[in-house]
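Hi everyone, thanks for making time this morning. I'd like to walk you through a few spots in one structure, so let me put it on the screen.

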Amino acid sequence: MNRFTKSIAAAAAAVLLLAGCGGGGSADGGGTEGGEVVIGYQPGNTLALLKAQGTLEDRLEAEGYEVAWEELAIGTLVLEALNTGNIDFGHSSDANAIFSAANGKPIEYAASENPYPEGVALLSRADSGITTVADLEGTRIGVVEGGNMHYLLLRALEREGLSVDDVDVVYYANAADGMAAFRQGEFEVFGTWDPFLAIIQEQIETTTVLDAEGLADNRTFYFATPEFMENDPEILSIILEELQKSNQWANENSVDAAAILADELGLDPAPLETANERRDYGVLAMDDAAVQAQQDLADTFFDAGLIENEITVADYVDTEPTWIPENVK
């Protein structure tokens, strides 16, 4: 059992506990009669911004629905909660979705976020002499197994004509552990993501060996249960419409958005402001580009032995969604 599989098992146990404590999706199974919409969100993401603004509650109240927010620490928990029917809608990363599908757990893409390639990078210390992908040969590189920075590393090595056999990949468990290990010299190159990327860049003189521009989209995605998509597409459409409005507000008020996210994460606002400067918030439909980005990730992870089963991402995408609002392309 690899580390990612262990994390899936732990997540499943946590979701079962949630179920035992009375968590649940739409109380009446959906439809037009109203009820409760349960949204799973991670602190510090776009759904947290929507929650903080309170606009969704007002919109759905007019439709006879109440909103219940279920805080879940990581994307794996969000997908498990969707699979068990404990939430109706949620948000998770590109890699989490691939692992879920490869493990035989159905996922249903509702929409995508804008690509965010500058939000993940491989860093070295400024005095290390490691400045290019070619310099990675023979070095120790820290990544989260199956994380977005792991995918970036695999793509970067492939483009350079190198393989994982040419480097020493060191797995760390979480952002805090990774930053501590990098500071202590346990690896020469650190793969990380925003806002922790911005934090380490602020604290230590680093060189960006590369970010994901031209190699990986670094997207996150919105998911819903099949029942919610089928029974309540108009409610799903309202959620995405309000998300898009919230995202545009974040683009126009990046400092205020950073303050909300920093409070959610218990971080100083400065690195969140830096992270916001290099991203463009926005909701997108699951178009061909989004599907292909996910397929490339799935194929790379399969070739690397990170997932055991090949998957076809298009199988989890509705080609004629009825829930995409007018303000989402």
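Let's begin where two helices meet: W249, A250, N251 and E252 in α10 are in contact with S254, D256, A257 and I260 in α11. Sorted by residue type, this contact has four nonpolar, two polar and two charged residues. Before I go further, please keep in mind that this is a predicted model.

Now for the geometry of that pair. Helix α10 covers residues 233-252, and its axis and that of α11 come within 5 Å, crossing at roughly 110°. An angle from 65 to 115 degrees counts as roughly perpendicular, and α10 and α11 are therefore roughly perpendicular to each other.

Let's follow the chain into the next pair. Helix α11 spans residues 254-265 and helix α12 spans residues 269-277; their axes come within 8 Å and cross at roughly 130°. That makes α11 oblique to α12. As for handedness, the crossing of α11 and α12 is right-handed.

Which residues in α11 meet α12? On the α11 side we have S254, V255, A257, A258, L261, A262 and L265, and on the α12 side P269, L272, E273 and N276. By type, the residues of this contact divide into eight nonpolar, two polar and one charged. If you have the viewer open, click on A257: this residue of α11 is in the contact with α10, and A257 is also in the contact with α12.

Next, the aromatics. How many aromatic pairs does the structure hold? There are 13. One of them is F182 with F187, a stacked pair with 6.4 Å centre to centre and 15° between the planes.

Last stop, a loop. D165 sits between α6, residues 148-160, and β7, residues 168-171. With a relative accessible area of 72%, D165 is exposed.

Note on methods:
Residues numbered from 1 in each chain as written. Predicted model: local features only at pLDDT ≥ 70, side-chain atom pairs only at ≥ 80, totals over all residues. Heavy atoms only, no water. Axes fitted to C-alpha atoms, helices over the stretch in contact; angles between N-to-C directions. Helix = DSSP H or I, 4+ residues; strand = E, 2+ residues; numbered from the N terminus. Parallel < 35°, antiparallel > 145°, perpendicular 65-115°, else oblique. Left-handed = near helix turned anticlockwise from the far one by under 90°. Contact = heavy atoms within 4.5 Å. Nonpolar A, V, L, I, M, F, W, Y, C, P; charged D, E, K, R; others polar. Phe/Tyr/Trp six-rings, centres within 6.5 Å; stacked < 30°, edge-to-face > 60°. Buried < 20%, exposed > 50% of the residue type's maximum accessible area, 1.4 Å probe, protein only.
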